[in-house]
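Hello,

Here is the structure I promised to pass on. My notes follow below it.

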There are 4 protein chains.
Amino acid sequence: MDVGLVQQLATDEMICMAARVSTIGRNALDRDEEKDQGLISFLLRDRHGSPFEHGSFTFRISAPIFVVREFMRHRAGMSYNEESGRYRELEPVFYVPAGERPLVQVGKAGQYDFKPGTFEQWFVASESTRTAYATAWESYQNMLAAGVAREVARSVLPVGIFSTFYVTCNPRSLMHFLSLRTKSDDAKYKSFPQVEIQMVADQMEEHFKRLMPTTHEAFVKHGRVAP
Amino acid sequence: MDVGLVQQLATDEMICMAARVSTIGRNALDRDEEKDQGLISFLLRDRHGSPFEHGSFTFRISAPIFVVREFMRHRAGMSYNEESGRYRELEPVFYVPAGERPLVQVGKAGQYDFKPGTFEQWFVASESTRTAYATAWESYQNMLAAGVAREVARSVLPVGIFSTFYVTCNPRSLMHFLSLRTKSDDAKYKSFPQVEIQMVADQMEEHFKRLMPTTHEAFVKHGRVAP
Amino acid sequence: MDVGLVQQLATDEMICMAARVSTIGRNALDRDEEKDQGLISFLLRDRHGSPFEHGSFTFRISAPIFVVREFMRHRAGMSYNEESGRYRELEPVFYVPAGERPLVQVGKAGQYDFKPGTFEQWFVASESTRTAYATAWESYQNMLAAGVAREVARSVLPVGIFSTFYVTCNPRSLMHFLSLRTKSDDAKYKSFPQVEIQMVADQMEEHFKRLMPTTHEAFVKHGRVAP
Amino acid sequence: MDVGLVQQLATDEMICMAARVSTIGRNALDRDEEKDQGLISFLLRDRHGSPFEHGSFTFRISAPIFVVREFMRHRAGMSYNEESGRYRELEPVFYVPAGERPLVQVGKAGQYDFKPGTFEQWFVASESTRTAYATAWESYQNMLAAGVAREVARSVLPVGIFSTFYVTCNPRSLMHFLSLRTKSDDAKYKSFPQVEIQMVADQMEEHFKRLMPTTHEAFVKHGRVAP
C-alpha cells in the first residue's frame, strides 16, 4: 500500500476561526492556543461538525482494487480520480498477503475476528494466488496482443491488482473515514475494517496527526467518532 | 445485466408541486396537465434542478464488478448497498461478451469508438476469458476449502465476476447518471460510456420513461443534460 | 409550525432487504419480522448507515425564516424547494412566541438552558415584536405599491415571517436531523436546538415513528444517534 | 458586500495531475504548460468534472441574510459556518440599495429583467427601508434590554441585516455556483441571479480567475457551464 500526501491545507487554526464566526462574527480575534484546545475538544464532543470541513487533504494512493472499492464507498466530502482500465494498460502489480497476515476468520458477519493461518493455509493461499494472478495476466496480455480493446480484456484482471487514485477530503470526512477504517481499543464504536484498508487508513492518520495535532488529539480523546 | 425496479415514488406531479412552491407558496392548486408539461420543460431548459430531487427509485442490479465500479463513482443523490465478498462466498457467474460486442477500439482516450472484432479476436477473447475465470474460481475454491478467510481468498476473483447491489436515486441524480452512461445522437454533450454500463443505464431509462413520461420527454428534448 | 407529510416510501422492510444484500446477494429471502428487529438494531448500534438511505419522505413545512435557515443547514440527503420572495409577494403571517415559550437564556454558548420569562418580559417581547412586524409589513407594502420590485422590497421583512418549503429526505438523513434538532433525556449526545425547530422536528418524528416503527425504536434505544 | 479569500489551495496543475492518473497511473510526469491548457479545455468541454474537485477555497463573506439564504442553497461541495443570532447579539449593519440599483422588475417569473427606478420609487424604497430597519433594531434592543433571549428577540430582525459566514468550496462547486449566480452574455445557459448575490459572485470569480487562470479561461470559453 502506498499513501502519499500530495497537497494539504489543513490547520487547527482554521477550524477555530470558522467555529468562532458563530460567536464573534466579523471581528478580528487574537489567537490563544490554549483556548483553541478547549474549543476543538468541545466541538468534537458535542458533534459540531461543520467547522471541520474548512480544510483539504489530497492523497495519492496505490492499493489493490478490493481496497479501492471499499474506499470509494465513502461519498460525502470525498473526491476521486482513478487510473482507468479503459484508457491505459494496467501494470502487473498484485497484492500478496504478507506472512503475518491473519488468514482465518472466526465469529459472525459484521463482527469477524481473525487469527493466524497454519503453514499449510499460508502455502495454499500463496500458491493459489500466484497461479490465478499469472493466468489472469497472461490472458490479459493475449487479448491485448490480438488487438482486443483494453476495456474488454480487463475483465479477467483480479481485484487483487493494484490501482492508483487521488482522493481529496476534508478533516471531517477524513475523521469519518478513520472512524470506520481503523481499529482501536479507544474507539467508542467497534469497527471491523479489513486489514488491507487499515494499512491505508493508518498512513492517512499519521499525516492527519502531524498536520492537525489538536484536532487529532480531541478525536482520539472523544472515542474516535467523527462529529 | 439484470436491472429490477424494487420500489419507486416518482411522478411528474410531485416535480410540479415542488416547483410551484416558489411562486404559489402554501396555497392549494388545481392541477392542469398541459401546464405541467410547459413547466417541466422550462425547469429542465433553464437548469432549475432542485424540484427534480423530490422522488425516489430503488433498483436491484446484478452486473460485473467493472460495471459496479463505474456506477459507484456517482456519489451525489445515490445510495448503495452491495453484496459483500467479506461476508459471503461469491457465486461463479462471470461476464462473457456476446458475439456482437464490438471488440476493437479506435480513436484516442476519452473519445474511443468501437468496431467489431474479427473471428480470431473473438476467439482469443473468448478462450482467454474462460481460462482466466476458471483458474480464478479454482484458486478461490481451493483457498476456501483450506479454511482461508473469504476476504483473503477473494483477491483472485476477476472484475468480470457478477455482483449484486441496491441503488436508490432521485430523478435528478438519475438524469445525471443517464446523461453520462447512455449514448445518443440527440445528446447535447458527447459521452463515451462502456457498452456494458450502457446496458444497465438503458434499462433504468425505460423505467424512468414509463414512470415520469413528461420529465423524460423534456430530458430528451433538451439534449439529455441533467439540470 | 405546520408540518405535512406529502408523500413517503419508507418501510422497515426495505432497510432489511438492502442490508441483507451484503450477506445473501441476489437470492430471494423469506421475511421474518423478529429477525428484522434484531438486524435493524444491530445496524444502528454498529453504525451501518447505508441501508437506511433506501427510502424517502417528502414534507411540506411552513415555519418562520429563522427556523428555515437552521433547517437548510442540513445538506446531506436533503432536497429543498422554497417559496420565493423574488417571484411572489409573501403573506403577512408572522411568528409570535406563545405565552409558555421560555424567554430567558442561562448558561454559556452552545449549552444554553432556558427558563420562563416574567410577565414584564413577555409583555415587552410581545409589544416589540408586534410593532416591528407591523412596521416591516407597512414598509413592504409601500414599496410594492410604488412599483418597487419584490426582491428589493423584501429586505425589510423580518426573519419571523413564515415561509413554506418542501423537503425530501431519507431515513438516515432524517435521523441525523432528529438527533440534532430534538431534545431528549435518552440521547447519548446532548443537543440544544431552539424550541421552534424542535416543534417542527417533533412532528417529523411522529411520522417517522408511525411509518418505520422498528427503525424508530432502535434509534431511541441506541441513544438517538444517526448511523 | 465583503468577500475575503481566507485560504486557498487551488492550482491548474493539480487539476491536470488528477486527470492524468486516468491515463498515466502512478508514473511520474513532466509538466508541459501548453498541454495543460488543452487538457483542461477538453475536460471542461466534455464534462469530466471530477478532476476539478481537488482544490479548496475558503472565503469569509459579509452579506445581507437574503443573500446568505440564496448562497446556502448550494449544498454539494460547499461547507459553511455562519454567525449565530442565538449565540451573539447581531450588529446594526443593514443593506440599503445604492442609487444605481435597478428597482423595477419586468417580465415573468424565472426570467425577470430589471430597469432603473424613478426618483420617487427610489425615495420610497429608501425611506421605507430606513423606517423598517430602525424600528426593527429598536425592538430588538428593547427586548435584549429586558432580558429576553437573543434567539427570541432576533425574530424581528430583517433579512436585510448583514451576517458573516465562512464558505469552503472546490473549483468544481465554485464553477457551479458562478454559472448560476453571475450573469454574462457568454453564458450558454441564461441565468437570472439577484443583483446582490452577483456582487458576491463577481468578487469570488476574480479570485478564481487569478489563482486558476487556465481553468477560468476554459470555463468562459465553454459557456460558463460547470462540468
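Contact here means heavy atoms within 4.5 Å. By that rule, A:P171 touches A:I15, A:F52, A:G55, A:S56, A:F57 and A:M212, leaving out residues up to four places away in sequence. A:P171 sits in helix α6 of chain A, residues 171-181 (helices are DSSP runs of H or I, at least four residues; strands are E, at least two; both are numbered from the N terminus). A:P171 is buried, at 1% relative accessible area (buried is under 20%, exposed over 50%, partly exposed in between; 1.4 Å probe, protein chains only).

The model is predicted: local features need pLDDT of at least 70, side-chain atom pairs count only at pLDDT 80 or more, and totals for chains, interfaces and linings use all residues. Residues are numbered from 1 along each chain as its sequence is written, chains are lettered from A in the order written, and side-chain values use heavy atoms, without hydrogens or water.

Next, A:R73. It lies in the loop between α3 (65-71) and β3 (78-82) of chain A. A:R73 is partly exposed, at 25% relative accessibility. Its contacts are B:M72, B:Y80, B:N81, B:E82 and C:S50, again without residues up to four places away in sequence.

Now the interface of chains A and B. 56 residues of chain B contact 56 residues of chain A. Six salt bridges cross it (a side-chain nitrogen of Lys or Arg within 4 Å of a carboxyl oxygen of Asp or Glu). A:R154 and B:E70 form a salt bridge at 3.3 Å, N to O. On the chain B side, α4(B) gives the largest share, 13 residues.

Best wishes
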